[in-house]
Amino acid sequence: MGGLDKIFSPKTIAVIGASEHEGSVGRAIMENLLVQSTASIFPVNPKRKKIMGIGSCARIAEVPEPVDLAVIATPASTVPDIVGECGEAGVRGIVIISAGFKEVGESGRGLEDRIREVRKRYGMRIIGPNCLGVIRPINSLNASFLRVRPEAGQIAFISQSGALGSAILDWATHAHIGFSLFASLGSMIDVDFGDLIDFLGDDPNTKSIMLYMEGVGNGKKFISASKGFARNKPIIVLKPGRFAESAKAALSHTGSMGGEDQAYDAAFKRVGVVRVREIADLFNVAGVLHAKHLPRGSEIAIVTNAGGAGVIAADTLMELDGRLAQLTDDSIRTLDAHLPAYWSKGNPVDVLGDADSGRYEKAVTTCLDDPGVHGVIAIYSPQGAAQPNELAKRFTEIADRSRKPFIAVWMGGRQVEGARRMTLQHNIPTYETPEEAVKTYLYMYRYGRNLQLLYETPEQLPVDQAPPKHNLKAFIAELYKDKRLLLTEKESKRFLANYGIPTIKPYLAKDAEDALSLANTIGYPVVLKIVSPDISHKSDIGGVVTGISSDRELKNEYGRLMKRAQKKAPQASISGVSVQAMVEQIDYELILGMKKDKDFGSVILFGMGGIGVEMFRDFSIGLPPLNQTLARRLMEETKVFGMLQGYRGRVRADLQQLEQILVSFSNLVVDFPEIAEIDINPLAVSDGKACALDARIVLDQETGGYAGAYSHLVIAPYPTRYVVPWRLTDGTEVLLRPIRPEDEPLEHEMLSTLSEETLRGRFFQVLKKITHEMLIRFCNIDYDREMAIVAELRQGEKRRIIGIGRLIIEPDFNGSEFAVVVHDEFQGKGLGYKLVDMLIGVAQDKGLGEVTGTVLTDNMSMLRVCETLGFTVTHQPEGVSSARLALK
């Protein structure tokens with residue numbers, strides 16, 4: 001829980017800045033807290049003996065009981081010292097309501113820095129400053145100054161904005177929408193979105209998580225937490241700022257195109273988070289994404305008794321890139337037999353205004369049975385023979401039988417209130433308008449589609465397959481020494497060629513005669529380009545000439561090229577002109593690039609290229625590392641992908657080659673945290689094959705050549721360096737490797753066949769049930785924050801996991817905690833010893849200071865392993881022992 005349980009389930013609460021003054025924040029907080037009865041409340045105010053009938057303490061140190069949660073509502077200038085006093089008093093959780101921090105400028109930022117230093121010293125968790133507070137309806141906790149009391153429910157709502165969060169909460173409360181938790185994050189100097197997703201992922205009272213986000217805070221932590229829980233707890237985010245200006249000073253097309261908001265979209269998709277565009281969609285979507293049956297496709301059938309409503313639904317579907325399902329001939333014949341002769345003969349299926357419940361039911365079931373239909377939206381308008389309550393009963397029966405999503409739209413007021421209530425009670429997504437229904441269906445579809453990406457875990461390249469990169473690292477070091485960040489085209493293409501990306505080599509000509517000689521060696525036609533470290537976009541100054549086919553033409557164009565460059569960029573240093581072979585027939589011009597986003601690190605861009613790249617803006621963005629599945633998805637999200645299938649007689653592009661180029665490019669990005677931007681434009685496709693015609697690499701001034709291996713990535717690649725074949729002491733061969741998301745059934749089989757004694761030794765209790773939610777958490781990990789090594793045994797065609805070692809990394813304390821379990825059949829064969837030793841190696845690789853573990857004192861075999869490996873073992877009360885190994 002990361003210490004957050006003390007904030008959300010406190011036994012003792014101190015209100016620092018408590019007051020009786022009418023209208024004050026301190027009074028509002030006290031009034032809210034006094035409603036609950038599970039925690040003791042202690043007002044802290046040196047100017048008052050009593051507040052609201054409760055004895056007041058002058059300082060936090062005078063509170064007679066250990067304090068779980070301190071709520072601070074005092075002037076900003078006093079807060080750092082008060083937080084320090086809380087740390088000395090052993091307070092574990094703090095909510096800072098006070099404003100006047102970074103939002104007011106440098107002085108406020110200085111106060112925040114002081115609070116961070118205190119937090120680091122004492123290790124408490126802090127929400128805020130400048131926040132509304134937190135609300136936990138299930139235990140009546142309202143540690144905020146809001147005058148609302150939301151009902152208990154299963155939706156968690158986390159808001160960065162105080163004003164908007166308050167408005168949304170107030171609206172939802174009046175609509176009787178229940179919450180498992182509300183938290184206002186404010187400035188996020190400590191607790192951020194990632195922390196709360198981690199907390200709520202383990203919270204049994206939360207089924208879905210809604211976020212109002214202005215900035216992500218720690219992008220890596222958010223990605224890690226979302227990746228771990230998005231499968232079983234839908235995360236829905238509303239993030240404004242979709243059209244903000246971006247990166248005007250970028251040195252490449254990629255840098256100027258891939259703005260901040262597109263990076264957020266890419267991050268959300270990659271980890272299964274659903275982004276909505278409107279406030280109402282937060283609640284519409286939160287209530288349906290945990291449905292058992294998510295759509296497998298975007299093709300919908302619409303059944304309606306109001307033709308106009310069907311057209312509106314179809315228009316909305318097309319506008320949002322969904323598709324109307326094409327009904328099969330069998331479905332049409334069935335509908336012909338049961339509907340009037342003048343029905344619509346297609347989708348939307350208009351059952352007409354006089355339809356009774358039977359006609360509706362037959363139309364809906366026929367559509368659901370159609371193999372080309374992935375979901376049905378049924379729209380009812382109060383008219384004709386179909387009575388809403390009777391129809392609602394039939395809808396509930398249909399939904400119970402169907403394995404496809406079914407959505408009901410009840411248009412109208414009082415006449416359909418009962419029907420609407422009935423379908424909602426049966427967990428059928430229910431709406432008042434066709435537009436809401438269509439939008440929600442497509443959100444459901446995209447959520448299911450994005451979840452598939454969570455199973456994609458691109459690997460580190462094995463040493464024997466990795467491209468030669470050390471010479472390039474040495475070259476970058478020289479560039480940093482020379483204080484040169486912009487590589488020439490030739491230098492940039494050297495990087496691409498090393499990673500197997502096809503290029504056309506440029507040759508530098510120092511004068512016209514040199515260019516003539518090179519052109520005759522290469523063979524006409526050729527391309528001439530100005531070479532200058534000071535000119536970012538050569539085409540902007542007319543610095544590129546293509547299609548030169550003779551000596552005479554080359555001499556003329558060479559002179560014109562130099563004059564244009566000197567006139568339009570008089571301050572630029574011109575190194576010369578490059579000469580390269582020309583691809584005569586280009587079918588498609590693409591762009592492939594990389595830039596560093598401030599929140600999500602390195603991102604990859606793919607799309608339509610050429611000189612109009614920034615005007616057409618047809619591109620998609622993805623997070624590295626990529627494998628072939630992720631590379632194909634990145635291409636599919638562009639319009640140019642449709643053209644690549646063969647457009648107006650042009651040769652179809654070799655999509656497998658393009659996939660491989662994207663994967664190779666991703667490997668280049670992964671290997672070089674020193675790179676800030678890469679631009680391949682155009683990546684030209686001729687006769688089906690792709691080749692980089694131009695390239696640019698810009699180094700990152702911030703790293704200065706000193707960067708951790710994956711410091712620029714928010715998703716770490718699968719760590720193949722920990723894949724090791726090994727033998728048990730009896731000679732049995734096993735494969736030791738990091739766990740993967742798809743190991744869930746294998747881990748379930750192992751855990752469910754352990755003896756009660758072994759389960760108790762690992763979990764300190766006998767697990768009655770191994771749940772899907774537990775297994776998702778165990779198998780879908782962030783390799784930067786956690787490592788789990790499994791021992792895989794192959795018995796013929798069958799694979800088994802027979803042991804698991806897990807290391808949880810605690811970066812705040814430069815330490816880690818381990819746990820190991822070995823299946824009963826394979827205990828006493830050296831596997832536990834090997835797994836702990838591997839975990840020690842992982843901790844050393846990550847530069848951690850220590851490895852610790854908690855072991856049952858009667859688990860003598862594990863304690864012997866620890867002592868043999870050099871751990872210091874200390875016996876604690878209540879039958880447990882601690883084991884510690886210092887690494888530094």
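The questions and answers below set computed values against their definitions.

This is a predicted model, in which local features need pLDDT of at least 70, side-chain atom pairs count only at pLDDT 80 or more, and totals for chains, interfaces and linings use all residues. Residues are numbered from 1 along each chain as its sequence is written, and side-chain values use heavy atoms, with hydrogens and water left out.

Q: Why are H14 and H15 called roughly parallel?
A: Helix H14 (residues 388–401) and helix H15 (residues 417–425) pack at an angle of about 15°, with their axes 8 Å apart. Because angles under 35 degrees count as roughly parallel (over 145 is roughly antiparallel, 65 to 115 roughly perpendicular and the rest oblique), H14 is roughly parallel to H15. The axes are lines fitted to C-alpha atoms, for helices over the stretch in contact, and angles run from 0 to 180 degrees between N-to-C directions. Helices here are DSSP runs of H or I with at least four residues, strands are runs of E with at least two, and both are numbered from the N terminus.

Q: What is the hand of the crossing of H14 and H15?
A: The crossing of H14 and H15 is right-handed; the term applies if the near helix is turned clockwise from the far one by less than a right angle, and left-handed applies if anticlockwise.

Q: What makes strand S1 and strand S5 a pair?
A: Two strands pair if DSSP finds at least two bridges between them, and 4 bridges join strand S1 (residues 12–16) to strand S5 (residues 69–72), which run parallel. Within this pairing, Ile13 stands opposite Leu69 in S5.

Q: How many cavities of 30 Å³ or more are found, and what is meant by a cavity?
A: A search of the whole structure finds 3 cavities of 30 Å³ or more. On a 1 Å grid over the protein atoms alone, a cavity is a set of points where a 1.4 Å probe fits but cannot get out, and lining residues have an atom within 4 Å of a point. The largest cavity holds about 130 Å³ of space, and its lining includes Ala266, Arg270, Gly622 and Glu637.

Methods: 1 Å grid on protein atoms, 1.4 Å probe; cavity = no way out; pocket = protein on both sides within 12 Å on 5 of 7 lines; lining within 4 Å. Points joined across faces, edges and corners; volume = space filled by probe spheres on them.
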